[in-house]
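Here is a short report for a reader new to this structure. Look at the sequence and the model before reading on.

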Amino acid sequence: MTRGWLAAVGLALAAVLAPAAAQPVSTAHVTAELVAERSAVQPGQPIRIGLRLQHQPHWHTYWRNPGDSGLPTSLNWSLPAGSQIDEIVWPVPRRLWIGPLVNYGFEGELLLPQVYLPAADARVGSTLKLQAVASWLVCKEVCIPETVTLGLQLPVVSAAGGVTPGGTEHAALFERAAAEQPVPLDGWAVDVQHAGRDLLVSFARSGAAQAAPAPLVHVFPYAEQLIETAVHEAYRTDSGYAIQLRLLEDVTPPDALRGIAVAQGAAADQAWGGAQRAVEFSAAVRRVSKIEMPAGAQPLRDADASAALAAAAASDAGPVPIGAGADLGWAAALLLAFVGGMVLNLMPCVFPVLSIKLLSLSQTPHGAGRPGVALRTHALAYTAGVLLSFVALAAGLLALRAAGSAIGWGFQLQEPLVVSVLALLFLAIGLNLLGVFEVSLLLPQRLAAWRDERPAVDALASGVLAVVAASPCTAPFMGAALGFAITQPAAVGLSVFAVLGLGMALPYVLLVLMPGWRARLPRPGAWMLRLRQVLALPMFLTVAWLLWVLAQQTGWIGGSTADTARSAASPRADASAWQPYDEAVIASELAAGRRVFVDFTAAWCVSCQVNERLVLNTDATQQAFKRANVMLMRADWTRRDARITAALARLGRNGVPVYALLRPGREPLLLSEILTAGAVRDALAAP
């Protein structure tokens with residue numbers, strides 16, 4: 001008895017003389033401090049501690065899955081020897097509407113609790129000093145990353161007599177947090193159907209019909225970047241609830257969906273048959289041909305969502321595409337596509353095919369017989385090859401996008417198999433130009449005779465090959481036209497691509513149909529053989545380039561090795577100056593008032609590599625960026641990346657290269673696809 005009484009007195013003195021102590025740290029938007037549930041700790045006995053955040057009105061931080069954007073709050077602890085701490089026990093978040101987007105996070109007062117276990121040999125009478133580096137992203141109209149260092153001192157008291165240290169002023173905060181914690185779902189069956197991009201999560205009460213009332217339920221998956229968070233349709237069913245969700249583009253659903261379901265409103269504590277309004281669930285995802293809604297499904301109105309969407313529509317709060325093709329009329333898009341197609345002939349992507357065009361022109365009949373007919377046939381066949389190829393590529397692009405793929409112009413070169421086949425094709429063309437083999441000798445005699453009688457077949461194939469080579473490039477005027485095409489019905493979109501092909505074919509067709517210049521060429525002879533050999537060089541250079549692309553796509557060149565390869569291709573470049581594409585970093589830099597220059601590029605885009613070599617990575621341009629205090633960011637689209645595809649779409653573009661100067665509080669400034677150092681300097685000097 002005396003021993004227990006002395007222990008109680010010791011605990012009381014510890015609470016008075018040396019209670020758990022911490023100093024709050026305030027930023028412009030958040031006040032943070034480490035807090036403890038009890039005034040002291042006992043050796044080897046767990047205690048709840050946590051990070052307390054008090055947000056300024058209308059500012060918020062993020063849950064473990066932040067939703068459409070954001071970053072979860074993190075704590076990096078420095079603990080006394082022999083002690084340990086569990087992971088954050090995340091509270092129930094809210095759906096936070098930011099224009100048409102939805103994030104998961106917290107406003108007002110927040111506690112992120114953790115269980116701390118002091119060492120079993122902690123000395124009674126000492127004080128344990130804990131330190132944590134806390135980092136969070138706090139957002140309102142802008143997002144600001146913040147990091148603070150916090151401390152917490154916990155006196156150590158004896159565990160003799162079984163007396164528990166008294167509570168601190170924050171004890172009630174811990175109790176409320178515990179009462180709000182999700183509990184494992186019990187007495188309910190969870191079913192997840194998957195068809196296309198749709199998911200239906202159904203909660204059915206076991207053995208009984210759903211009782212009234214049936215409040216609105218929100219589902220929060222644990223997995224990040226899985227669903228379009230704004231798509232969330234809740235239903236009451238005869239047996240419980242159903243929530244319809246939609247997967248992000250190019251996302252494969254997990255084998256099992258894990259997360260929490262949170263009831264809303266005054267009757268929330270009656271939703272699951274217990275006192276808790278939030279439950280944790282895990283259910284296998286089963287693929288079905290068509291989503292089947294449970295019996296008796298009736299929509300549950302989400303007043304917050306309706307109000308947020310109405311406000312977004314009224315204020316046009318969503319991101320505004322700059323130079324968006326959707327703002328063009330059909331006639332303007334056709335005109336831009338036609339001009340862009342003609343300019344495409346001057347892009348570096350098409351240079352390897354110029355050799356084939358020149359050789360074909362030099363061998364086109366122009367003497368006896370009916371040269372006019374032969375030339376017109378040649379021109380029409382080449383044009384048909386270009387048009388058919390453009391329309392076929394466009395049809396594939398539009399079909400894949402309609403099926404949910406996040407792809408854009410040049411998508412086929414994001415596939416290593418396609419790159420491998422093209423490398424073999426250009427290698428074969430180069431060897432043919434060198435005279436290693438002749439196609440006619442490899443073909444069966446009947447097929448070779450058929451080909452000789454139909455020279456237009458070669459012209460058509462030349463048109464197809466020109467489009468294959470040109471597809472990685474986006475020429476001036478093309479970007480806005482393609483941005484328009486992918487947002488329109490299929491017939492309108494295909495018409496834009498067809499006119500693009502017509503523009504590309506026209507210069508060559510004019511050269512074919514006006515052959516007067518060819519009369520100045522020497523008569524056929526040994527010079528044509530030498531020309532073939534010289535023109536093989538671009539083919540082999542193309543093969544080397546495609547192998548470099550393939551190496552990056554398959555991981556043969558990755559990480560620092562890829563950077564080294566870029567630097568070798570551009571000796572004056574400072575590879576460290578370019579940061580990988582990160583939208584959270586962009587938001588942070590813009591919020592701090594700093595401009596960001598984004599280079600949307602790909603290894604398979606020859607124009608991109610030329611612009612980097614001749615403009616972006618030169619000493620003069622790099623110094624201009626430094627003087628202007630502009631952050632450099634590279635969005636590498638060599639492999640498929642839904643984030644970069646979405647970013648291009650917001651700029652009204654669907655292919656690379658794209659160069660965007662992002663400015664705080666202003667619309668992005670887009671530069672020409674044919675980049676010059678002067679254009680970069682002018683953009684940096686623009687107000």
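Arg286 is partly exposed, at 40% relative accessibility. Here buried means under 20% relative accessible area, exposed means over 50%, and partly exposed lies in between, with a 1.4 Å probe and protein chains only. Asp191 also counts as partly exposed, at 23%. Asp191 and Arg286 form a salt bridge, and their closest N and O atoms are 2.7 Å apart. A salt bridge is a side-chain nitrogen of Lys or Arg within 4 Å of a carboxyl oxygen of Asp or Glu. The pair links distant parts of the chain: Asp191 sits in strand E13 (residues 188-195) and Arg286 in strand E19, 95 residues apart. Strands (E, at least two residues) and helices (H or I, at least four) are DSSP runs, numbered from the N terminus.

## About the model

This is a predicted model, in which local features need pLDDT of at least 70 and side-chain atom pairs count only at pLDDT 80 or more, while totals for chains, interfaces and linings use all residues. Residues are numbered from 1 along each chain as its sequence is written, and side-chain values use heavy atoms, leaving out hydrogens and water.

## Other salt bridges

The whole structure holds 13 salt bridges. One of them joins Arg52 to Glu109, with the closest N and O atoms 2.6 Å apart. Arg52 lies in strand E3 (residues 47-55) and Glu109 in strand E9 (residues 109-117), so this pair ties together parts 57 residues apart in sequence. Arg52 is buried, at 14% relative accessibility. Glu109 is partly exposed, at 40%.

Arg277 bridges to Glu180, and here the closest N and O atoms are 3.0 Å apart. Arg277 is in the loop between strand E18 (256-263) and strand E19 (278-287), while Glu180 is in helix H2 (residues 171-180), 97 residues apart. Both count as partly exposed: Arg277 at 24%, Glu180 at 36%.

## The largest nonpolar core

Nonpolar side chains tend to be buried together in soluble globular proteins. A nonpolar core is a set of buried Ala, Val, Leu, Ile, Met, Phe, Trp, Tyr and Cys residues joined through side-chain atoms within 4.5 Å. The largest one has 68 residues. Which members touch the most others? They are Ile49, Leu51, Leu154, Phe203, Tyr241 and Trp272. Strand E10 (residues 127-139) gives the largest share, six residues. Domain 1 (21-180) and domain 2 (183-313) both contribute, so the core lies between them. The domain bounds come from an automatic or database domain assignment.

Take Phe203. Beyond its neighbours within four places in sequence, Phe203 has contacts (heavy atoms within 4.5 Å) that include Leu185, Trp188, Val219, Tyr241, Trp272 and Phe281. A second, separate core has 39 residues, among them Leu422, Ile429, Ala647 and Val658.

Leu388, Leu460 and Val464 make a nonpolar surface patch of about 240 Å². Patches are made of residues with over 30% relative accessible area and no salt bridge; like charges are joined within 9 Å, and nonpolar side chains (Val, Leu, Ile, Met, Phe, Trp, Tyr) within 5 Å. Accessible areas come from the Shrake-Rupley method with a 1.4 Å probe; for residues, only the protein chains shown count as cover. Leu388 belongs to helix H6 (residues 371-402). Leu388 is exposed, with a relative accessible area of 57%.
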